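Dear colleague,

I am handing over the structure we spoke about, and my notes on it follow below. Please keep it open beside this email while you read.

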Amino acid sequence: MNFAICNEIFREWKIEDIFSYAAKLGYSGVEIAPFTLANSVVDIGPAERRRIRESASKSKIGIAGIHWVLVKPEGMYINHPDAAIRQRTARYFCELVDFCADIGGKIMVVGSPKQRNILEGIPREQACEWAADTFREAVRKAEERSLTICLEPLSSSETNFINTAEEAIGFIQRIPSPALKIILDVKAMCAESKAIPQIIRESSPHFAHFHANDKNLKGPGFGDVDFKPIAAALQEVGYGGFVSVEVFDFEEGPEMIATRSLEYLRRTFGSR
């Protein structure tokens, strides 16, 4: 299994130092949150994109992809009633696809709960139609750039739009394309009524990325979630993508989070 780690864990570290450290620990990839690099990916020019790609190559580590894609710039919204806002978001999705591909990434995770909540008075079906329209051009571009966009189901405590893997699969089927899949996230799946291994089995082959964390917002192995049945289910369905460490509580510091998470994942997946 290929393990990756998300760069925002490292706060103020330079991206090349993150690549070097993650590779030294034994990670296969780093997943990048664009807002840690610039206010907008449009501000990251060709030379800097090339430098990021070459820095990863120099450290002999892959770039798993990007996530937290709509944190910045402000004003993006997937299913807003204002068509101009949706169009601006659709154009930015295309910019994100190009950025991800330019730095060598293969996966673009779309979570961004605050930029997709169904606003009061909007019928759910209308919100789904607007969201699908927002994605279409970026999905076509992702096909051209050999990249996969992954929609992330998130719990109802974070958003009221697409809360389960089943709902996410139903949504992506509105835009049939090999470049549009879903991502599974352990923290989010903990909020579902189904067991996580069942969700994994039922979601295959519709998911193309996997976030490893705990319902306590920390890394894998830092809480009560048992990853052994999770690892077994991923291996059972033949998942071959990244298992990427994404945490939201940075209390232990980047070194401990990165080291202990990888040690736990290696033990868990290696025991099968």
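I begin with Asn7, which is buried, because its relative accessible area is 3% and anything under 20% counts as buried. Please bear in mind throughout that this is a predicted model. Asn7 lies in the loop between strand 1 (2-6) and helix 1, and its side chain makes a polar contact of 2.8 Å with the side chain of Thr36. If we set aside its neighbours within four places in sequence, the residues in contact with Asn7 are Ile15, Ile18, Val30, Glu31, Ile32, Ala33 and Thr36.

Helix 1 (residues 15-25) and helix 2 (residues 46-58) have axes that come within 9 Å and cross at roughly 20 degrees. Angles under 35 degrees count as roughly parallel, and helix 1 and helix 2 are therefore described as roughly parallel to each other. Their crossing is right-handed. Which residues of helix 1 and helix 2 meet? On the side of helix 1 they are Ile15, Glu16 and Phe19, and on the side of helix 2 they are Arg51, Ile52, Ser55 and Ala56. Sorted by class, the residues of this contact are four nonpolar, one polar and two charged.

The crossing of helix 3 with helix 4 is right-handed. From helix 3, the residues Arg86, Thr89, Ala90, Phe93, Cys94, Val97 and Asp98 take part, and they meet Trp130, Thr134, Phe135, Glu137, Ala138, Lys141 and Ala142 of helix 4. This contact is made up of eight nonpolar, two polar and four charged residues.

Although His80 and Asn117 are 37 residues apart along the chain, their C-alpha atoms are separated by 8.6 Å.

Two further residues remain to be described. Ser177 is found in the loop between helix 5 (165-172) and strand 6 (180-185), and with a relative accessible area of 13% it is buried. When residues up to four places away in sequence are left out, Ser177 touches Val139 and Glu143.

Is Ile200 buried or exposed? Its relative accessibility is 0%, so Ile200 counts as buried. Beyond the residues up to four places away in sequence, Ile200 touches Leu184, Phe207, Phe210, Ile230, Ala233, Leu234 and Val237. Ile200 and Met189 are eleven residues apart in sequence, and from C-alpha to C-alpha they are 9.4 Å apart in space.

Definitions and conventions
Residues numbered from 1 in each chain as written. Predicted model: local features only at pLDDT ≥ 70, side-chain atom pairs only at ≥ 80, totals over all residues. Heavy atoms only, no water. Axes fitted to C-alpha atoms, helices over the stretch in contact; angles between N-to-C directions. Helix = DSSP H or I, 4+ residues; strand = E, 2+ residues; numbered from the N terminus. Parallel < 35°, antiparallel > 145°, perpendicular 65-115°, else oblique. Left-handed = near helix turned anticlockwise from the far one by under 90°. Contact = heavy atoms within 4.5 Å. Nonpolar A, V, L, I, M, F, W, Y, C, P; charged D, E, K, R; others polar. Buried < 20%, exposed > 50% of the residue type's maximum accessible area, 1.4 Å probe, protein only. Polar contact = N/O pair within 3.5 Å; in protein donor to acceptor, adjacent residues only side chain to side chain.
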